[in-house]
Amino acid sequence: MSNAGFVHLHVHSAYSLLKGSIKIQKLGELAKADRQPALALTDTDNMFGALEFSDKMAGYGVQPIIGCELAVDFGDQDPNARNGVGAAPSRIVLLAARERGYRSLMRLNSRAFLETPVHQAPHINFEWLQGEADDLIALTGGPDGPISLALSADQAALASLRCDRLATLFGDRLYIELQRHGIEKERRVEAGLIDLAYAKGLPLVATNEPYFATADDYEAHDALLCIAGGRVIAETERDQLTPDHRFKTRAEMAVLFADVPEALASTVEIAERCAFRPVTRKPILPRFTVGAGSNAADAESDAPSGRGGPEQPAGRSRAFARHLRGTLSRPARVRTRCHHRHELCRLLPDRRRLHQMGEG
């Protein structure tokens, strides 16, 4: 790991719906071809690919790092503001360093969907990070991050305040993120990000944010963005990426950030701090108990007759117990089966009673 030089920490797969186009399998192939020791998955607003990514990267001999890119409402701006800070979503990247951090990340991701008003895009409130930041590593999110957006709007004081709030929560697990994809909004804020990091003693980290595999995929991906936004390719005033938003090699990143070697070294440091991956396990199912006696049907044959009164086990009658033992005539068996199916459909919405049906 120490000789890796660079580790990808801000990667989108096809699970970044209508944004990314790289399948998990392809990510593994690209990482293996470049002999990358570790790789992070940070899809937009979801963790749908976490388990598949974990299993497949481990199969390729690549250390999987589970993360997520989440929108955060800092509560310090008017949502109707037109200065570019309040209107645009600010996004940070969270990486799970330990199992506790992974569970925190799942809770935050779930709250973003369950507790966001229906007319708003999924996001978390900054206050929700209280108590959830342990064992999570935070990157400031590149040009769409809260600090970069403030700097881009010429609000240096707001950028500094947001940086302090994040540092209070994450401590030495906060990294100032630099990106270089050849776009103006990155160049405009880079000097401010570096100055802020040096002034506050925070480490820099270099990231490449790939949405597609190779430069040959750029045009197809641009069409995908048009479909997502309801636009046409001929329009120029729309969200666009560049061919540099591809999956770069370690050598390419070393050349791109040769003037900021500490930002490259931080990627390896972060990978070494992450030591958890989810693994496949058997489903967790409730334990079923059988009534007293060796034969459940015999035990239930003594139950009061009727169609499932308060003392009757759900979905089981004396007639059906006798049907199981084969002591009913054929017409009676048909009627019993019909009755049992009717009871099953009637009880289906009630899980507790359905679980009591045992092998019936």
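Two residues are in contact when they have heavy atoms within 4.5 Å of each other. Keep that in mind for this tour of a predicted model, where local features need pLDDT of at least 70, side-chain atom pairs count only at pLDDT 80 or more, and totals for chains, interfaces and linings use all residues. Residues are numbered from 1 along each chain as its sequence is written, and side-chain values use heavy atoms, with hydrogens and water left out.

**Stop one: threonine 140**

Select threonine 140, in the loop between β5 (136-139) and α4 (146-152). Helices (H or I, at least four residues) and strands (E, at least two) are DSSP runs, numbered from the N terminus.

Is threonine 140 buried or exposed? Its relative accessible area is 2%, so it counts as buried (under 20%, where exposed is over 50% and partly exposed lies in between, with a 1.4 Å probe and protein chains only).

Now show its contacts, skipping neighbours within four places in sequence: among them are Arg91, Pro146, Leu174 and Glu177. Zoom in on glutamate 177, whose backbone nitrogen is 2.9 Å from a polar atom of the threonine 140 side chain.

Next, pick valine 205: from threonine 140 it is 65 residues away in sequence, with 9.4 Å between the C-alpha atoms.

**Stop two: asparagine 208**

Move to asparagine 208, found in the loop between β7 (204-207) and α7 (218-229). Asparagine 208 is buried too, at 2% relative accessible area.

Which side chain makes a polar contact with the side chain of asparagine 208? Select histidine 181, at 3.1 Å. A polar contact is a pair of N or O atoms within 3.5 Å; within protein, one must be able to donate a hydrogen and the other to accept it, and residues adjacent in sequence count only if both atoms are side-chain atoms.

Finally, click lysine 248: its backbone nitrogen is 3.3 Å from the asparagine 208 side chain.
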